[in-house]
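This briefing sets out selected local features of one chain, grouped by topic. Please consult the sequence and structure shown here alongside the text.

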Amino acid sequence: MRMQYQHIIHNRIKLNNLTNLHRRAANHMVSSTQAKINGGIGPANAPLTVAVKKNSKTLRDSGALMASIARSFSPNEASVGTNKSYAKIHQFGGTIKAKRTWLFIPAGWKTRTLQRRYDFKAGPLIRKMRDAGYSVWFQVKGSKGVVLAREGKRKPFVLFILKKEVRIPARPFLTITQKDRDIIRSIARTEIGVSR
């Protein structure tokens, strides 16, 4: 997923080689996009998401999305984007539907801790937890349910919430703001030696 902003520059400048200009503009847009992600983009996370992540920042969990923001440039254009498969749903929003029976939604920080210890995928996680001595069972009613777990004689806890689908709101992070446009225009003026 990439955004291109060559139109910001090429609408006003007709030069043969703009490689350095495009490199500088792309560098700015990488920094700007990372700052947008780091600052959080509304709407706010759902309470369950906050509980799983132990923070309220949107688009931030492991830092993988922010770290994946990359640039490319040539004499003719510059672009910034990410290769993360989940970027599109975050950028545009949408509904995620279960491919099989259920979506397994981590129920809290304890689930995330167990995922880090055993496996991030639900099936392997449940198998490995059972191998480690946990009791794990499903409780389903209609189109919703939960996966419960218990270690030994301890109190059971919700491991996963089961749903058929979830709605992800749009949180556009690959955007060009007016401030970005102004900075890129300033870079362009500097590169070609044009004063205001």
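Buried means under 20% relative accessible area, exposed over 50%, and partly exposed in between (1.4 Å probe, protein chains only). The model is predicted: local features need pLDDT of at least 70, side-chain atom pairs count only at pLDDT 80 or more, and totals for chains, interfaces and linings use all residues. Residues are numbered from 1 along each chain as its sequence is written, and side-chain values use heavy atoms, with hydrogens and water left out.

**Helix residues**

- Helix H8 (residues 178-192) contains serine 186; helices are DSSP runs (H or I, at least four residues), numbered from the N terminus.
- Serine 186 is partly exposed because its relative accessible area is 31%.
- Between the C-alpha atoms of serine 186 and alanine 25 the separation is 9.8 Å, and these residues are 161 residues apart along the chain.
- Serine 32 belongs to helix H2 (residues 19-39) and counts as buried because its relative accessibility is 12%.
- The side chains of serine 32 and aspartate 180 are joined by a polar contact of 2.8 Å; such a contact is a pair of N or O atoms within 3.5 Å, where within protein one must be able to donate a hydrogen and the other to accept it, and residues adjacent in sequence count only if both atoms are side-chain atoms.

**Backbone geometry in loops**

- Glycine 42 and proline 43 are linked by a cis peptide bond, with omega about 5°.
- Proline 43 is located in the loop between H2 and helix H3 (47-53).
- Leucine 59, although not a glycine, has a positive phi of about 60°.
- Most residues other than glycine have a negative phi, and most peptide bonds are trans.
- Leucine 59 sits in the loop between H3 and helix H4 (64-68), and counts as buried because its relative accessibility is 13%.

Key:
Helices (H or I, at least four residues) and strands (E, at least two) are DSSP runs, numbered from the N terminus.
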